[in-house]
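This report looks at the overall fold and then at the pairing of charged side chains.

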Amino acid sequence: MNSGPVLEARGVSRHFHGVVAVEGVDLRLERGTIHGLIGPNGAGKTTLFNLLTGLVLPSSGTVLFDGHDITRWSAARRAGRGLGRVFQRTQLFQTLSVREHLRLVDPQHLGGNWIEAFGLGPWLDQKPATLPHGVARKVELCSALAARASVLLLDEPAAGLTEEERQELGRLLRLALEQGRTLLLVEHDLEWVVDLVDRLTVLDFGRVIAEGTPHEVAASPSVRLAYLGEEEAQEA
């Protein structure tokens with residue numbers, strides 16, 4: 001195992017026909033941590049996820065995974081090396097049962113102990129159309145863990161969940177951490193994410209405006225300005 005961050009972006013930028021989506025972003029994801037990525041709508045969070053997972057190639061900059069330069073690797077090659085992703089909208093095959101989804105990624109063990117941890121036993125023979133939203137999210141996360149991804153990128157995993165489901169999701173993410181996984185997540189529920197993560201990176205207009213512990217980020221004037229607006233931030 002290499003020392004240093006398990007996933008790193010160095011000066012990563014992406015321009016779309018002259019429009020700057022991400023500009024000069026540096027990000028270090030340390031092993032065995034939960035790292036949050038936050039920012040206002042349109043800040044470039046999903047584009048950065050796409051750059052890290054290979055769905056989009058950068059206009060400039062470098063992406064490193066476990067010490068290897070993967071900047072030009074395909075998304076499939078990155079996934080094969082252990083870089084997993086759960087998308088903002090559920091990405092389940094409508095014709096497959098929960099059991100079949102898990103068999104696809106883990107033919108021999110069918111998800112192993114993760115099925116019990118996620119409470120999916122009663123749902124194994126159900127198809128996505130019959131699953132409550134919270135259960136469908138669990139199936140996606142369980143599938144990613146069963147596929148043995150060492151690093152998981154989660155795009156708004158708590159979106160649409162009830163308070164009870166958010167708390168349950170937090171427990172499952174901490175369990176994944178205990179099992180040696182590393183997590184990077186985008187989330188709009190700031191109260192939930194601040195209580196969960198070890199470090200936060202804040203994007204605004206495609207640039208990093210703050211990075212540090214949740215406490216440090218919450219105290220940053222730049223973050224207050226991005227979320228509250230200039231007048232409100234000055235008055236607060």
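## Salt bridges and overall form

Arg166 is buried, its relative accessible area being 18%, in a model that is predicted. The partner of Arg166 in a salt bridge is Asp189, with N and O 3.1 Å apart; because Arg166 belongs to helix 6 (residues 163-178) and Asp189 to the loop between strand 8 (182-186) and helix 7 (190-196), the pair ties together parts that are 23 residues apart in sequence. Asp189 is partly exposed, at a relative accessible area of 21%.

| Pair | N to O distance |
|---|---|
| Arg28 and Glu8 | 3.7 Å |
| Arg166 and Asp189 | 3.1 Å |
| Arg199 and Glu211 | 2.9 Å |

In the pair of Arg199 and Glu211, the former lies in strand 9 (residues 199-204) and the latter in strand 10 (residues 207-212), so parts 12 residues apart in sequence are tied together. Arg199 is partly exposed at 31% relative accessible area, and Glu211 is partly exposed at 40%. Salt bridges with shared partners join Glu8, Arg10, Arg28 and Glu30 into one network.

For the protein as a whole, the secondary structure comes to 10 helices and 10 strands. The radius of gyration is 18 Å, close to the 18 Å given by the globule rule for 236 residues, so the protein is as compact as a globular protein of that length. Of the 236 residues, 48% count as buried, and the mean positions of the 24 positive and 30 negative charges lie 9 Å apart.

Definitions and conventions:
Residues numbered from 1 in each chain as written. Predicted model: local features only at pLDDT ≥ 70, side-chain atom pairs only at ≥ 80, totals over all residues. Heavy atoms only, no water. Helix = DSSP H or I, 4+ residues; strand = E, 2+ residues; numbered from the N terminus. Rg over C-alpha atoms; globule rule 2.2 N^0.38 Å. Buried < 20%, exposed > 50% of the residue type's maximum accessible area, 1.4 Å probe, protein only. Lys, Arg positive; Asp, Glu negative; His and termini not counted. Charge placed at Lys NZ, Arg CZ, Asp CG, Glu CD. Salt bridge = Lys/Arg side-chain N within 4 Å of Asp/Glu carboxyl O.
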